[in-house]
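Please find below a colleague's note, written for a reader who is new to protein structures.

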Amino acid sequence: MSEKIRILAIETSCDETAAAVVENGRRVLSNVISSQIEIHRLYGGVVPEIASRNHMEKINQVINQALEEADVALDGIDAVGVTYGPGLVGALLVGVAEAKAISYARGLPLVGVHHIEGHVSANYIEHPELEPPFLCLIVSGGHTNLVIVEDYGEFRILGSARDDAAGEAFDKVARAIGLRYPGGPEIDKLAGEGNPQAISFPRAKIEGAPYDFSFSGVKSSVLNYINQRKMQGLEIPKADLAASFQRSVVSVLTEHAMQAAEEFHIDRVALAGGVAANQGLRRAMSQACEERGLALYYPSPVYCTDNAAMIGAAAYYEYKKGVRHGWDLNAVPNLKLKSV
Ligand code: KG4
Ligand code: ZN
């Protein structure tokens with residue numbers, strides 16, 4: 001079979017305006033990301049109104065650049081894929097409206113994509129041998145889920161975050177020690193200079209829900225530690241704190257994933273989402289998987305954080321299943337991940 005399906009993919013759920021052209025779900029012809037991080041950094045986090053306005057300003061040029069870099073005209077595109085949730089409603093709307101306009105004008109099929117399905121699908125780009133079923137640990141700024149990817153776009157959810165998502169905890173702890181937004185990569189860097197055994201932070205287990213996560217306890221414990229040191233007039237050992245906090249989060253994530261792999265007899269494990277770029281997590285997961293003879297997959301950092309190539313990968317498999325959205329496709333800020 002030599003048919004080539006090329007998807008123009010659009011992602012605007014948070015603070016990256018992104019477009020990509022992806023062939024047959026796995027071959028990235030272009031991947032353009034216009035990041036608003038510098039703008040939001042001034043405010044210490046994403047300001048929704050500013051995000052929407054910047055998406056509107058950038059979206060057309062980002063799409064044109066993606067088509068140019070792929071050396072494909074709109075005539076050579078077979079479908080338009082777009083993130084329609086979850087995310088910031090005003091930000092999502094820019095991408096959804098743009099995708100609808102292009103598909104309507106060009107008579108192209110429209111495929112709405114769940115942002116988290118996109119993150120999982122980022123793994124298909126660089127690992128041609130990876131196919132479902134596999135276990136996936138999804139760790140982003142807004143989500144923490146442990147799932148079995150039963151088939152393309154079909155997830156059996158084993159566990160989820162009860163409170164803060166992993167990335168959210170990284171961002172909040174980073175902010176508390178004066179690191180800039182987004183905090184995850186800053187903690188990751190600083191952790192490399194610290195001693196992960198220096199401070200003992202809790203690792204939450206939830207009674208009766210072995211695969212659920214709770215990171216608000218460790219976050220509060222870090223904030224208490226900082227306050228106590230301040231009250232005592234002591235300096236805060238930032239590198240040791242970053243390393244110890246990261247170790248606490250990473251060990252919970254790794255233990256949950258390993259327990260699930262064992263219980264469900266799965267020998268392939270993947271990481272997805274922005275926190276999958278974390279060096280400590282990659283190291284701990286690599287070691288744990290190696291010890292148990294499991295194969296571990298994770299995307300390159302550029303495909304871990306928000307991008308449109310991952311949306312193009314997910315859209316392709318939805319397209320192949322026959323999924324087509326109508327002109328009533330809307331942004332759904334709290335779109336749920338369905339469990340099979
Ligand atoms: O997946 P993503 O780009 O956006 C969402 O869908 O939420 O994830 C962003 C999150 C942020 O919380 C950011 O701090 C975190 O991923 N992150 C990291 C690293 N790079 C990004 N966390 C830890 N270590 C990193 N290297
Ligand atoms: Zn994301």
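1. The structure is a predicted model. According to the domain assignment, the chain has domain 1 (6-120 + 304-320) and domain 2 (132-299). Domain 1 is therefore written as two stretches of the chain, since the assignment gives its bounds as 6-120 + 304-320.

2. The interface between the domains. The C-alpha centres of domain 1 and domain 2 are 27 Å apart. Contact between the two involves 18 residues of domain 1 and 20 residues of domain 2. About 1,500 Å² of area is buried between domain 1 and domain 2, and carbon and sulfur atoms give 69% of this. On the side of domain 1, the residues that lose the most area to domain 2 are Arg41, Val120 and Cys304, which together make up 41% of what that side buries.

3. The zinc site. Which residues coordinate the zinc ion (ligand 2)? They are His115 (NE2), His119 (NE2) and Asp306 (OD), at 2.0 Å. Along the chain, these donors follow the spacing H-x3-H-x186-D. The pair of histidine 119 and aspartate 306 links distant parts of the chain, 187 residues apart. Histidine 119 belongs to helix 4 (residues 115-126), whereas aspartate 306 lies in the loop between helix 10 (301-304) and helix 11 (309-320). Histidine 119 has a relative accessible area of 1% and is therefore buried, the limit being under 20%. Aspartate 306, with a relative accessible area of 14%, is buried by that limit.

4. Helix 2: length and bend. Helix 2 (residues 48-70) has 23 residues; at 1.5 Å a residue, the helix should span 33 Å. The C-alpha atoms at its ends are 30 Å apart, which agrees. A bend of about 45° occurs in helix 2 at lysine 58. Aspartate 71, which follows helix 2, has a positive phi, near 60°.

5. The buried residues of helix 2 include Ile50, Ala51, Ile59, Val62, Ile63 and Leu67. Among the elements that cover the buried residues of helix 2 are strand 1 (6-11), strand 2 (16-23), strand 3 (27-35), helix 1 (37-41) and helix 3 (89-106).

6. Helix 8. The 26 residues of helix 8 (residues 238-263) should span 38 Å at 1.5 Å a residue, and the end C-alpha atoms are 38 Å apart, in agreement. Is helix 8 largely enclosed or exposed? Of its 26 residues, 19 are buried, so helix 8 is largely enclosed by the rest of the structure. Just after helix 8 comes histidine 265, with a positive phi of about 50°.

7. Glutamate 23. This residue is placed in strand 2. Glutamate 23 counts as buried because its relative accessibility is 5%. Neighbours within four places in sequence aside, glutamate 23 is in contact with Lys4, Ile5, Arg6 and Leu29.

8. Proline 299. Proline 299 is found in the loop between strand 10 (295-297) and helix 10. With 1% relative accessibility, proline 299 counts as buried. Proline 299 is 28 residues from leucine 271 in sequence, and their C-alpha atoms are 7.5 Å apart in space. Residues up to four places away in sequence not counted, proline 299 touches Ala122, Asn123, Glu126, Leu271, Arg282 and Cys304.

Note on methods:
Residues are numbered from 1 along each chain as its sequence is written. Chains are lettered from A and ligands numbered from 1 in the order in which they are written. This is a predicted model: local features need pLDDT of at least 70, side-chain atom pairs count only at pLDDT 80 or more; totals for chains, interfaces and linings use all residues. Side-chain values use heavy atoms; hydrogens and water are left out. Donors are N, O and S atoms within 2.8 Å of the metal (3.2 Å for Na, K and Ca); water is not among the atoms, so sites may look incomplete. Helices (H or I, at least four residues) and strands (E, at least two) are DSSP runs, numbered from the N terminus. Buried means under 20% relative accessible area, exposed over 50%, partly exposed in between (1.4 Å probe, protein chains only). The expected span of a helix is 1.5 Å times one less than its number of residues. The bend at a residue is the angle between axes fitted to the seven residues ending there and the seven starting there. Contact means heavy atoms within 4.5 Å. Buried area is the accessible area (1.4 Å probe) that two parts lose on being put together, summed over both.
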